[in-house]
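Please read these notes alongside the model.

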Amino acid sequence: MRDILTELTAWFDRGEAFALATVVRTWKSSPRTPGAAMAVSTAGEVLGSVSGGCVESAVYESAIEVLADGCSRTEVFCVADDDAIGVGLTCGGTIEVFVQRVDRAAYPQFAEVARLVREGEPVAVVTATDSGRPARHTVVTAASSRGAVEVAESEVADIRSRSAAGTSTVYAFEPATGSCASAMVEVFAPRPRMYVFGAVDFAAAMCTLGSFAGYHVTVVDARPVFATRARFPGADEVVVMWPHRFLEAAPVDAHTVMAVLTHDEKFDIPLLERALRSDASYVGAMGSRATHERRVALLRERGLTDDELGRLHSPIGLDLGARTPEETAVSILAEMMKVARSATALELRDLDGPIHRDRRSDVRPADCPA
């Protein structure tokens, strides 16, 4: 929902009801992951996608019905179902989609949730997914748990721990309290941070791609003439400060990625000394192989260990034949994803097994044939 939140908030603020369809669970290969959302307004306008085009028409029809009667529905599309084949889900997967009506009466907490997501505050929404009745919600923050769905304290604690972990997710569970038969939990963690050091042309391209990929992007440079909002409109923040001073106080966690693009030892060395000892999942530095060797020698003189130096990705990026700043940004972002997700970066045709891999067991819903 985060991807279409701005438009949804505009609908909600002007009092226009809409149906919100959310992917709750997937099995085997599926076009979109849990959390993918599609909305249909009372005027028939469509935002978002739940399957990349496979089942949108069927979900649209369900959304129109939900708008008409206000009652939620759960739709399951399986490749073996004649209906699913008819709507085009031929990729071999199964998806479960929950469709609910959203308006000021049915979901009064929506405005609060949207505000917290925009402000980067951790928040989760527990939604009763019982079909045939209006949806009910409970909003869980670090300080409170309020709403119409009764949630046990142990479940609230688990939801908060997921929020604190920094990963947005959607999952289904059966509440222990018996307040509803089943529920969906949407965890909206703050966007992961991308720090781009060096106000250069490559940094502008990194801002655009980083923001597109879902990062909160900050550009940092000590030179005020270069570090300006006008030069980096795609950044969430532009900070004029010595990079290592910035990193002394900036929040860094296991989801943070850093790209050092400065090419200047007076910036790079004190910055990399701190970056490589931080919790960041990725630290990359631009420069030639000769520059990298000199950096490593200087950092070793400052006491960095082999393990710490082994975290440095330099020369930065994957071998994609990049030449332009935009192409280089693609290669850097691809390497960030490879490292952060422990992926292979190989061509999919050279691999076996599922295209979309995760830790969930491949459990199929009871009404879907094997």
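At what angle do the axes of helix α8 and helix α9 cross, and within what distance do they come?

1. The axes of α8 (residues 265-275) and α9 (residues 289-301) cross at roughly 55° and come within 10 Å. The crossing is right-handed.

2. This is a predicted model, in which local features need pLDDT of at least 70 and side-chain atom pairs count only at pLDDT 80 or more, while totals for chains, interfaces and linings use all residues. Residues are numbered from 1 along each chain as its sequence is written, and side-chain values use heavy atoms, leaving out hydrogens and water.

3. On the α8 side, E265, D268, I269, L272 and E273 meet R294, R295, L298 and L299 of α9 (contact means heavy atoms within 4.5 Å). By class, this contact has 4 nonpolar, no polar and 5 charged residues.

4. Helix α1 (residues 5-13) packs against helix α4 (residues 110-118) at about 150°, with the axes 11 Å apart. The two are therefore roughly antiparallel, and their crossing is left-handed.

5. In that pair, L5, L8, T9 and F12 of α1 meet F110, A111, A114, V117 and R118 of α4. The contact divides into 7 nonpolar, 1 polar and 1 charged residues.

6. Q109 lies in the loop between β5 (94-102) and α4. Q109 is buried, with a relative accessible area of 17% (buried means under 20%, with a 1.4 Å probe and protein chains only). Its side chain reaches the backbone oxygen of H137 at 3.2 Å. Not counting residues up to four places away in sequence, Q109 touches H137, V139 and G147.

Terms used. Axes fitted to C-alpha atoms, helices over the stretch in contact; angles between N-to-C directions. Helix = DSSP H or I, 4+ residues; strand = E, 2+ residues; numbered from the N terminus. Parallel < 35°, antiparallel > 145°, perpendicular 65-115°, else oblique. Left-handed = near helix turned anticlockwise from the far one by under 90°. Nonpolar A, V, L, I, M, F, W, Y, C, P; charged D, E, K, R; others polar. Buried < 20%, exposed > 50% of the residue type's maximum accessible area, 1.4 Å probe, protein only. Polar contact = N/O pair within 3.5 Å; in protein donor to acceptor, adjacent residues only side chain to side chain.
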